[in-house]
Amino acid sequence: MTQRLDQEIFGGANPKTGLPSGEPPRHRFVPNLFALFLSLAVVLGGGYAVWKVAAPTISDFVATDDYPGPGSGSVDVVIKDGDTGRAIAATLVRAGVIKTSSAFVSASSDNSDLAKKVQPGTYTMLKGMKAADALALIADPKNRSVKRVTIPEGLWASEIFERLSKGTGVPLKDYTAAAKDVEALGLPAAAKGKVEGWLFPSTYEFGPKATAAEQLKTLVDQAVKVMKAEKIPEDKWEETMIMASIIEAEAGSSNDRRKVSRVFWNRLENPTAETVGMLQSDATVSYGAKRRAVAPTIQELEDESNPYNTRVHKGLPPGPISNPGKDSLDAAVKPAKGDWLYFVTVNPDTGETKFSETYAQFLEDSKEFEAWCADNPKAKC
């Protein structure tokens, strides 16, 4: 049975070899090799089809999360004060500067000292930058495309306009026009529609597109912020700002602010036969005359048409005469203790100032100032 089955299957094949009688055994492998090649082709063909479909996904999976750099084009990126590393990374991704937040976070971790140097501001950057290069760019303050302007204490509003214009390139006339828009600037009621006094002295940075109105509003907002931080009652804002502006203009040195404040408050609160309730401030006279000078002229001192002439008008002037800083605001609400009614800066170069309780002593001290004026004829005493 077995032999017959073998013969049926193999067609008279040798039952020991399974091959037809008389043929070499190697001929038997030809159909098997063909089947193998056929199977391999099917497998490879199917694999190629699978690869065609899966390649994009696999490529994305193994692709780097960073751009190779250096990048191209340009885009302005604003790093805000208080932004965390992840917030900065998100901003850079949205701007197209870097590819992923993880790449920037990783670069910051590898360069922690560099990451600590990042400052808020506006930066002009390339699109498609390597994360490490982007970090290096914003860590260098020289790359901030901002305009930095320093406003010192005691300037008039008109002088501040000039500084802002020079520092940012915005036309001077734009500031004059913007100063009239009380609502847009957010001026408090105490300002009575005028920016004088409310342009807080400090160092500011403005983006390349900041308008005159936006810049002035920043200064006004800071003045209001300081008033609130000092816990000065809002109904006292007007007189505080006026007094602070006079102190800023009159104090020979920062150490004298509280004493100068006491002199003026004593004159207002305890008028004598000599002071009769008048501040008698040369700085207010000069402001009304719109002339910067160490001392006003006789004509200016006698000019009753000048509403800021506290030599002839009692009480505080109608508004601030400068833009004071925090120290002068503090002095206005916290004057020193003392009975002084007079003071004179005997040396404007050093700021040396002498205080007195009597008019006779004031006249004696004033001789030193007159001597200084004689030695400095160009000072316009």
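The mean pLDDT of the protein chain is 85, and 83% of its residues reach 70 or more; pLDDT is the predictor's confidence in each residue, from 0 to 100. Over residues 1-44 the pLDDT is below 50, and this stretch has 14 contacts in the model beyond near neighbours in sequence, a contact being heavy atoms within 4.5 Å. Residues 47-62 also stay under 50, with 1 contact beyond four places in sequence.

The model is predicted: local features need pLDDT of at least 70, side-chain atom pairs count only at pLDDT 80 or more, and totals for chains, interfaces and linings use all residues. Residues are numbered from 1 along each chain as its sequence is written, and side-chain values use heavy atoms, with hydrogens and water left out.

The structure holds 12 aromatic pairs. Rings of Phe, Tyr and Trp (its six-membered ring) pair if their centres lie within 6.5 Å; planes under 30 degrees apart count as stacked, over 60 as edge-to-face and the rest as tilted. F161 and Y175 are a stacked pair because their planes lie at 20°, with ring centres 6.2 Å apart. F161 sits in helix α7 (residues 157-168) and Y175 in helix α8 (residues 172-178), 14 residues apart, so the pair links distant parts of the chain. Helices (H or I, at least four residues) and strands (E, at least two) are DSSP runs, numbered from the N terminus. F161 counts as buried at 9% relative accessibility, and Y175 is buried at 0%. Buried means under 20% relative accessible area, exposed over 50%, and partly exposed in between (1.4 Å probe, protein chains only).

A second pair, F264 and F343, is edge-to-face, at 5.6 Å centre to centre and 80° between the planes. F264 lies in helix α12 (residues 257-269) and F343 in strand β5 (residues 342-347), so the pair ties together parts that are 79 residues apart in sequence. Both F264 and F343 are buried. Ring pairs also join F264 and F343 with W340 and F355 in a cluster.

Over the face of W340 lies K259, at 4.9 Å from the ring centre. K290 is placed over the face of Y287, at 3.6 Å from the ring centre. A charge sits over a ring if NZ of Lys or CZ of Arg is within 6 Å of the ring centre and within 35 degrees of the ring normal.

Strand β5, which holds F343, runs antiparallel to strand β6 (residues 352-356), joined by 5 bridges. Two strands pair if DSSP finds at least two bridges between them. T345 has T353 in β6 as its bridge partner. The hairpin of β5 and β6 has 4 residues between the strands, and there G351 takes a positive phi near 85°.
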